[in-house]
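Here is a short note on how two chains meet. Please keep the structure open while reading the points.

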Amino acid sequence: MIAIVNLLYLISVILLILGLRNLSNPSTARKGNLRAASGMVLAIATTLFVPLESGDNNYYWIAMGIIIGSVIGLVVSNRVKMTAMPELVSLFNGLGGACAVTISFIELYGFQEVFGDPSLSQVSYGRHATTQLAMLVGAVAFTGSMIAYGKLAGKIGDWQIPFSTYINIVFLLTLVGLIGYQVLYPDESFTLPLITLGLALFYGFTFVQPIGGADMPVVISLLNAFTGIAAALAGIIYESQMMLIGGILVGSSGTILTILMCEAMNRSLFNVIIGGFGGESGGGKDRGEQVVQEANATDVAIMMRYAQNVMVVPGYGMAVAQAQKTCKELDDVLHKYNVNVKYAIHPVAGRMPGHMNVLLAEADVPYPKLFDLDDANRVMDESDVTLVVGANDVVNPAALDDPSSPIYGMPILEILKSKNVIVMKRSMNPGYAGIQNPLFFHEKTKMLFGDARSSIENLISEVRTLG
Amino acid sequence: MNEIIQFIEQYPITIYMFVLAIFLGYELISNVPTVLHTPLMSGANAISGVVIIGAILLVRQSASDDYLTLGLGFLGIILGTVNVVGGHAVTNRMLEMFKRK
């Protein structure tokens, strides 16, 4: 029996590995997801029949849990709008972290009985430390993801915790100290594990709350890695190779994705975590009174209708206004007049890695029309009209020429190389990151105020009346 | 120090696998195009729900009248299942949009 169980787990692991590999290639991605899912189903089914030394099996509880969880998971994932994807991924991730917390909590609870009775064989230091760490990482992933979810869904504001950097360092040191103490001097009281859990949950909150704006994709990816690590640590407790390998794969791939995001912003991970730029409101030189040039839809429609190349630069504003399909419609209309429309996608545009790609794919924009950062900058000087749809920090020229700006050094889409720039924006409020953008005051730039979707709808009807 | 040696002696295979899986994860992902960042992250997120196996083992090992363990384990199974099922379903939805081209 045990041989069959191990064989089935091995097959599950292979399916997970193949699934992940297929997921990183566009032509096989869908198959990859299905493979990984079937590996997961096989692993769960196998777990139901692993021979155990003790216990009452309690299949009724397990079946109910799986049924309720599946129904919730399927309903939520089918109902959610594509624009709400980042917060949903974050929410799911938090639940995985919470699952790791519940099981390590029960394990720790069980240890207390052993610690209180020296005649029982004692829990090893390694096992105790691993369980504590699984609870810590899981708890941080849980509250951190919930805060990220709340921020992305607009339920939690971007307010700052005073001295958050120092608070976080103190929290982290306290937690490490607490865990070290409990492992070295275990006793039967359950107070310290409870305090550790409470602090860890609170630390997840103070860790994520100060981070905002363009850093959000990095945080989501990092929290995803945390959940993987929590699963792997739990795998060590249960001596389950399946959990260990699955968790580590997620942990290491999530870390790599995080590093890719950081590289795209030319910042270190440490800098993202410690110095979230939401705090440094203002920033940059004082430019005194400056005026913006306002455009109207008719002017912009004429410019675009008689242009050869139009570059669309989407950002989070496009997601908020749900303007991706309208954008594609404008593209189709312009296409009739032989205007060539391209899309410039910054790696951290939006609130999730690759966020804009998903939205434009939903609107059926063909993949070859999407240009990544380097390719877009290479052809930027050919663009007659560059239309910024709700992007801000990723097109901020202060990143190139203003060393006092908090985003100085971050690679941006250099849209001022194009002949005309139209910025669609709701108002003159600075972007999510709270940094003033000199682009708006540049002589090449005209502002088109209003909701992105209705602005583009106006453009479409204006272009059509031009005939 | 003794304890660390003891830990290594206790779980040699586990430590090997831990290290090898880190490299494997790195190799699997290192060449992913930007267009797949979101589905990949979402798919990996679903895989991290593998922690549900621990919750199932916990409930199976529990006595049928240990309601603290059963209750928390039951909660863990629900949370883990939402993560796994919801995660894969939402990844599939995203990837279906890419497929239509």
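1. A polar contact is a pair of N or O atoms within 3.5 Å; within protein, one must be able to donate a hydrogen and the other to accept it. By that rule, 20 residue pairs are in polar contact across the interface of chain B and chain A, both residues at pLDDT 80 or more. The model is a predicted one.

2. Which elements of chain B give two or more residues to the side that touches chain A? They are helices H1 (2–10), H2 (12–29), H3 (37–47), H4 (52–61) and H5 (67–99) of chain B. H5(B) gives the largest share, 32 residues. By type, this side of chain B has 48 nonpolar residues, 26 polar and seven charged.

3. Now the extent of the interface. In chain B, 81 residues are in contact with 105 residues of chain A. The two chains bury about 8,400 Å² between them, and carbon and sulfur atoms give 77% of that area. Met41(B), Arg60(B) and Arg93(B) supply 10% of what chain B buries against chain A, more than any other three residues.

4. How many salt bridges are there between chain B and chain A? The count is one. Glu96(B) pairs with Arg30(A), and their closest N and O atoms are 3.1 Å apart.

5. One residue to look at is Ser42(B), in helix H3 of chain B. Ser42(B) counts as buried because its relative accessibility is 1%, and the cut-off for buried is under 20%. Beyond its neighbours within four places in sequence, Ser42(B) is in contact with Val89(A), Gly87(B), Val90(B), Thr91(B) and Met94(B).

How values were computed: Residues numbered from 1 in each chain as written. Chains lettered and ligands numbered in written order. Predicted model: local features only at pLDDT ≥ 70, side-chain atom pairs only at ≥ 80, totals over all residues. Heavy atoms only, no water. Contact = heavy atoms within 4.5 Å. Buried area = accessible area lost by both parts, 1.4 Å probe. Salt bridge = Lys/Arg side-chain N within 4 Å of Asp/Glu carboxyl O. Polar contact = N/O pair within 3.5 Å; in protein donor to acceptor, adjacent residues only side chain to side chain. Helix = DSSP H or I, 4+ residues; strand = E, 2+ residues; numbered from the N terminus. Nonpolar A, V, L, I, M, F, W, Y, C, P; charged D, E, K, R; others polar. Buried < 20%, exposed > 50% of the residue type's maximum accessible area, 1.4 Å probe, protein only.
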